[in-house]
Structure formats: structure tokens, C-alpha cells
Amino acid sequence: MTGPKNLESRTKHIRETWAKRCNKVLYMSSVETDFPTVKLNVSEGRENLYWKTIRAFQYIHQHHLDEADWFLKADDDTFVVIENLRYTLSTYDPEKPLYLGRRFTPFISQGYMSGGAGYVLSKEALRRFVEGFDTGKCTHFSNIEDMALGKCMETMKVEPADSRDVKGRQTFHPFPPDHYLIRQPPRPRPCSVAFVSRGGK
Amino acid sequence: MLSEGAHFMKGMVLGGLFCLLLALLGSLRLGTESGTVDHHRHHHVQAPSKDELTRLSDSRMQELSNQVQISCIIMVQPKILVYWATAANTWSKHCDKAVFYTSESSKALEAVDLNEKDDWARLRKALKHAYENAGDLRWFFVAQPTTFAIIENLKYLVLTKDPSEPFYLGNAMKSGELEYVAYDSGIVLSYEALKRLVHVFQDEEKCPERGRALWKLSEDKQLAVCLKYTGVFAENGEDAQGKGLFNSKSVYSVISDSMKANPNNVVEGCCSDMAVTFNGMSPNQMQVMMFGVYRLRPYGHDFHDLLMFDPPEGSDND
């Protein structure tokens with residue numbers, strides 16, 4: 001997911017690095033270019049992110065559904081190790097209604113996947129997402145893309161699958177590596193609130 | 001009266017200039033004296049190519065990978081405590097032996113306290129100590145904790161080289177006539193080179209403990225001067241394709257440079273896959289580097305390495 005502003009500074013580097021390892025890659029924007037980017041009928045900006053995501057998945061459903069088993073949504077500041085994604089997905093059936101990512105628990109009872117960390121929909125999950133908007137079962141009730149998509153997944157009975165490794169460690173990360181690798185000293189708190197840091201060893 | 005004064009001044013100026021000239025010549029002589037020694041094929045040392053290794057028998061390869069052991073000499077100071085701690089916590093664990101030598105002791109971390117403020121005198125003491133305590137180790141890597149090193153790649157570089165021959169490797173630079181190995185990207189010495197060096201330390205003429213030149217030479221240049229007297233010359237450490245393995249810049253810097261120089265071929269046109277050192281990274285960046293180099297890997301990706309170097313105990317590998 002990108003836009004005209006970031007093509008040169010960010011998306012170009014994605015195209016030259018990890019995107020080469022996808023079976024297929026599409027760059028979603030509001031403007032069509034030779035990059036190449038797909039023009040979706042949306043405006044840029046964080047408020048329009050969920051609309052962009054909806055239009056992107058509708059576009060893929062219409063034009064590219066049979067070209068893949070799994071559909072990864074990533075932002076233009078996400079880095080993906082595709083081999084490891086393949087490995088994680090290898091035990092799941094793309095014909096089942098599943099989606100994977102970094103699961104957050106608030107707001108939606110079955111949880112939802114962090115947008116920043118990237119998430120993957122199975123082919124069946126993609127069909128159901130589009131169906132949800134076709135039938136009105138899913139709506140644009142919020143701007144918050146990841147949470148709202150999570151709600152639609154729940155409505156359409158798409159299950160969150162576990163993306164953690166054999167040792168229970170997370171494989172999708174909403175922050176850069178140093179956030180998880182550098183141990184920070186606990187900051188002094190005014191009251192006795194336990195501060196639990198994510199990730200690390 | 002005026003003419004006498006003028007004569008006197010002229011004399012003073014001429015005398016001063018003459019003195020300066022003598023001193024200049026004095027320091028220059030050190031460079032040219034060993035010009036007669038044959039430079040031969042030395043100037044760069046390359047890592048073995050895949051062909052070279054496949055020609056060796058399995059047992060020979062096993063022998064070599066067991067024998068090549070690195071003794072790390074890490075020069076620290078309390079003023080760079082965080083770097084010291086990071087080096088102790090990360091890459092130095094992959095050395096077969098790692099000894100930290102400090103200018104003054106620190107309550108927080110262990111080191112051999114040389115109690116010496118002068119950088120060159122301290123380096124000499126450290127090298128002498130390392131030589132005297134070498135044990136079975138035949139390769140020596142001198143670094144500062146501001147350098148990040150990948151010891152396995154160093155082992156690969158020297159794998160088929162004989163440490164009883166003099167080797168003095170790293171990022172070879174030139175300063176006038178003098179070719180030396182840059183300190184900030186790590187200095188590699190074979191046992192023979194270190195032996196000759198420790199011997200020439202005793203020669204106050206050739207290798208004084210306190211430099212004689214009007215201006216102070218940096219330790220890496222001093223080292224090159226002393227080694228040159230023993231017939232040991234700086235050589236550039238390279239991979240089988242001729243790419244330098246010792247980087248005086250950080251990994252971010254070399255990649256940015258490559259993005260400007262080879263925008264369509266950034267990774268290929270950059271640094272060696274078998275890089276041994278990078279310099280100028282922050283302690284946090286070094287922690288991320290450890291993760292990137294030793295932990296994170298693409299599942300199923302085969303690097304086709306012909307050898308295995310087992311990490312020493314406690315080096316925190318998977």
C-alpha cells in the first residue's frame with residue numbers, strides 16, 4: 001500500500017529488495033503510474049486507509065484472485081522475509097477462511113491483526129471479505145483499518161490463525177528490529193504499574 | 001647595531017629551518033630504508049575461492065577448520081564503556097580467545113589493566129602480552145570496541161594461510177610512502193608477524209616506545225613502520241572476487257554509498273558478503289547486527305558453505 005509521495009523514497013526500495021521474492025506484487029495508490037502502480041478510487045491520507053484497503057482487496061478479487069493462494073497486505077515501510085512467510089503459511093490451507101499477522105486483543109472479541117506489521121489473507125478469506133462488502137454485512141464503520149478489517153473478518157467467520165514460531169515467539173512485528181532487541185531500562189513510573197516490554201529474547 | 005641584529009635573525013631563521021629539515025629527513029628515512037626489500041606478490045590477500053576449497057580433501061578441510069583459531073585483542077577505555085560492554089556481549093564471544101586491554105581499570109568490566117595512557121605504548125604492551133600468552137593460538141585480531149567484527153569470516157579469510165609466515169592484514173591504506181592497515185577496521189597479525197613485531201619493540205632505534213618525529217604518528221602507522229623493519233608489509237584483506245573485507249565505515253554508510261554509486265545494483269555493487277568488519281556503528285546498531293548476522297535467516301535458503309565453524313561455548317547462537 002503506497003502513494004505518489006513515497007514511491008521514490010520508499011516503495012522503490014521495496015521493489016528492489018524483498019518484493020522480488022513474492023510470486024506477484026501490486027503497488028496500490030491513488031494514481032496510476034509506470035512504477036507500476038494501480039489506481040484505486042480513493043484519496044491519500046491516513047483517514048482513507050481503510051477505504052484504500054477495501055478497494056485494493058476488491059481490485060485483487062476482481063483481477064488476480066487465481067494468481068495466488070495467499071494475499072499479503074504490507075505498507076511501504078514494512079520489511080518482509082518472504083521465505084519465512086512461506087514457511088509460516090506452509091501448514092495452513094488457503095481454501096480455509098483464515099488470516100495471519102500480529103494479533104492484538106482489544107476491541108474485537110476474536111482479536112485483529114496489526115496493520116503496521118502486515119497481515120495475510122487466505123484465498124477464502126479474501127472472497128469472504130469482498131462478499132461482506134457486496135452484501136453490506138461489512139461496512140466502513142471506522143477509519144482504523146486494521147481494527148475495522150478485523151471486525152469484518154469476525155463477521156464473515158474468518159478465523160485468526162497463529163503466526164508464532166515453535167517456541168511461541170512472534171514473527172510479525174509492528175516496530176523495527178531495535179525495538180525488540182535492545183533492552184531498555186525500566187522507566188520510573190509514578191505509581192506501581194508493571195511495564196511489560198514486547199519481544200526481546 | 002641594526003645590521004648585527006639582522007645577521008643574528010638571519011642566522012636564527014636559517015638554523016631553525018635547518019633543524020626542521022633534519023627532523024623531516026629523520027622521519028622520512030624510516031620510510032625509505034626498507035625500500036630494498038622485495039615487495040613481491042604481497043599487497044592483497046584473498047580469501048579462498050570455492051574451487052580452491054573443493055580441491056582439498058574432506059579430512060584436510062576438517063583439519064583446517066579446527067586449526068584456525070583467532071585470539072582477539074580488544075583495546076578499551078572506561079570512557080567508551082558502552083562500546084566495551086557491547087563488544088564483550090556480542091561479537092567478541094565468537095573469538096576463540098578474547099582479551100580486553102584497558103588504559104585504566106573499570107569497576108564494571110573485566111580487562112587487563114595496562115595502566116598506560118599513551119595509546120602507542122599501550123598497544124605495544126597489549127601485543128607483547130598477547131604474544132607471551134598466545135598458547136596454541138596463531139592468529140591475532142586487534143580491534144577497538146567501536147569496530148564490529150564477524151570472526152567466522154576472518155577465519156575463512158586466513159583458512160589456507162600459514163601463520164608461521166608473516167601476515168599483516170586489514171584495510172590497507174597509504175600515507176605517502178607508507179602502507180599501513182587502518183586501526184578502525186581491525187588489524188590481523190599472524191603468529192610470525194607478531195613474533196617479529198615483539199622482537200623489534202626492543203629496538204629503540206627502529207621502533208621507539210615514544211615516537212621521535214616532530215609530530216606524533218597514529219598507532220596504526222607506527223605499527224606499520226615497525227613491521228616494515230622486520231620485512232612485514234601491510235596487505236589488503238579481500239574476498240575471492242577482490243572486494244575489501246575490512247570496512248572503515250558502517251554497514252549503513254557502505255550501503256548508502258552503493259545506492260548513490262550503483263542505484264540499479266545496490267547489494268551486488270556494495271560490500272562483500274563475507275565482510276569481516278564494519279566501523280562506526282552505535283552499540284544499539286551492533287545488537288541489531290548480531291541479530292541480522294547470527295539469528296535472522298530466511299528459512300530454506302542454502303548458503304552452500306563448504307565448512308562449518310562451530311561457535312565457542314557461550315556465544316549465544318541458536
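Which feature does UniProt place at residues 5–163 of chain A? The unreviewed entry gives "domain: Fringe-like glycosyltransferase" there; UniProt positions follow the numbering used here, feature names are shortened, and annotations may be inferred rather than shown by experiment.

Before you click on, a word on conventions. This is a predicted model, in which local features need pLDDT of at least 70 and side-chain atom pairs count only at pLDDT 80 or more, while totals for chains, interfaces and linings use all residues. Residues are numbered from 1 along each chain as its sequence is written, chains are lettered from A and ligands numbered from 1 in the order in which they are written, and side-chain values use heavy atoms, leaving out hydrogens and water.

Select residues 5–163 of chain A: this stretch is 36% helix and 13% strand, with its end C-alpha atoms 32 Å apart. Helices (H or I, at least four residues) and strands (E, at least two) are DSSP runs, numbered from the N terminus.

Next, pick strand E7(A), residues 119–122. Tyr119(A) and Leu121(A) point one way, Val120(A) and Ser122(A) the other, and all are buried (under 20% relative accessible area, 1.4 Å probe, protein chains only).

Tyr99(A) has Leu121(A) as its bridge partner.

Finally, the predictor gives the complex an ipTM of 0.81 and a pTM of 0.84.

Notes:
Buried < 20%, exposed > 50% of the residue type's maximum accessible area, 1.4 Å probe, protein only. Pairing = 2+ DSSP bridges.
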